[in-house]
Amino acid sequence: MKRWIKRSLVGLAGLGIVLGSLTACGHRMHHGGWHGDATPEQQAEWRGKMVERVSAKLDLNADQKAKLAVLSEKMQAQRQALRGSADPRAEMQSLVAGAQFDRAKAQALVQQKTDALRSGSPEVIAALGDFYDSLNPAQQQKVREFMSHRGGWRRG
């Protein structure tokens with residue numbers, strides 16, 4: 001297989017994964033009461049509720065709770081950078097709007113998402129590391145258990 005074909009297929013697969021993830025997250029958040037069109041105040045309210053819920057489940061102290069809040073803010077900023085200012089569904093539809101798939105636009109879109117991920121990831125990783133490292137062994141075990149269960153923690 002020619003190199004450009006491989007690169008195009010990898011780029012298209014990457015685009016599909018990125019856009020699929022964004023669409024899935026947007027769909028899930030919409031049903032949970034928070035959509036990409038939410039105001040910054042609504043987003044902050046949702047993050048606050050999430051921090052409170054996780055804090056209660058893990059019995060976090062004030063320092064750990066603050067680190068979780070920072071992690072939440074960094075993840076939201078990363079999510080917004082990935083989503084960009086345009087509607088992901090509209091972006092995907094624009095790729096197939098003509099008689100032929102717009103390969104150049106698809107590659108540019110993949111590059112844009114990759115650049116956003118690459119630039120924001122160090123901050124997210126640092127915040128996640130700071131939060132996880134601040135947990136005691138019992139709290140870390142609860143996090144590992146949460147991650148091993150597909151559905152995660154349930155309300156209540």
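Me: Where does aspartate 59 lie?
Reply: You'll find aspartate 59 in the loop between helix 2 and helix 3. Helices here are DSSP runs of H or I with at least four residues, strands are E runs of at least two, and both are numbered from the N terminus.

Me: Before we go on, what kind of model is this?
Reply: This is a predicted model, in which local features need pLDDT of at least 70 and side-chain atom pairs count only at pLDDT 80 or more, while totals for chains, interfaces and linings use all residues. Residues are numbered from 1 along each chain as its sequence is written, and side-chain values use heavy atoms, with hydrogens and water left out.

Me: Back to aspartate 59: buried or exposed?
Reply: Aspartate 59 has a relative accessible area of 61%, so it is exposed. The cut-offs are under 20% relative accessible area for buried, over 50% for exposed, and partly exposed in between, with a 1.4 Å probe and protein chains only.

Me: And what is the phi of aspartate 59?
Reply: Its phi is positive, about 55 degrees, although aspartate 59 is not a glycine. For background, most residues other than glycine have a negative phi.

Me: Zooming out, how many helices and strands are there in the protein?
Reply: There are 6 helices and 0 strands. Read from the N terminus, the elements go α-α-α-α-α-α.

Me: How much of the protein is buried?
Reply: Of the 156 residues, 26% are buried.

Me: What share of the contacts join residues at least 24 apart?
Reply: Counting contacts between residues at least 6 apart in sequence, 69% join residues at least 24 apart. Contact here means heavy atoms within 4.5 Å.

Me: Now the helices on either side of that loop. At what angle do helix 2 and helix 3 pack?
Reply: The angle is about 140 degrees, and their axes are 10 Å apart. Axes are lines fitted to C-alpha atoms, for helices over the stretch in contact, and angles run from 0 to 180 degrees between N-to-C directions.

Me: What does that make helix 2 relative to helix 3?
Reply: That angle makes helix 2 oblique to helix 3. Angles under 35 degrees count as roughly parallel, over 145 as roughly antiparallel, 65 to 115 as roughly perpendicular, and the rest as oblique.

Me: Is the crossing of helix 2 and helix 3 left-handed or right-handed?
Reply: The crossing of helix 2 and helix 3 is right-handed. A crossing is right-handed if the near helix is turned clockwise from the far one by less than a right angle, and left-handed if anticlockwise.

Me: Which residues in helix 2 and helix 3 meet?
Reply: On the helix 2 side, they are Gln43, Arg47, Met50, Val51, Glu52, Val54 and Ser55, and they meet Lys65, Leu68, Ala69, Ser72, Glu73 and Gln76 in helix 3. The residues of this contact divide into 5 nonpolar, 4 polar and 4 charged. In that count, Ala, Val, Leu, Ile, Met, Phe, Trp, Tyr, Cys and Pro are nonpolar, Asp, Glu, Lys and Arg are charged, and the others, Gly among them, are polar.

Me: Tell me about serine 72. What is it in contact with?
Reply: Leaving aside neighbours within four places in sequence, serine 72 is in contact with Arg47, Met50 and Val51. Serine 72 lies in helix 3 and is buried, at 7% relative accessibility.

Me: How about glutamine 64: buried or exposed?
Reply: Glutamine 64, also a helix 3 residue, is buried, with a relative accessible area of 4%. Not counting residues up to four places away in sequence, it touches Asp59, Phe131, Ser134, Leu135, Asn136 and Gln139.

Me: Which residues make up the largest nonpolar core?
Reply: There are 10 in all: Val51, Val54, Leu58, Leu60, Leu68, Leu71, Ala127, Phe131, Leu135 and Val143. Helix 2, helix 3 and helix 5 each give two or more residues to this core, and the largest share, 3 residues, comes from helix 2. A nonpolar core is a set of buried Ala, Val, Leu, Ile, Met, Phe, Trp, Tyr and Cys residues joined through side-chain atoms within 4.5 Å.

Me: Last one: how do helix 4 and helix 5 pack?
Reply: Helix 4 (residues 88-95) and helix 5 (residues 103-134) pack at about 150 degrees, with axes 9 Å apart, and they are therefore roughly antiparallel to each other. Glu91, Ser94 and Leu95 in helix 4 meet Lys105, Ala106, Leu109 and Lys113 in helix 5.
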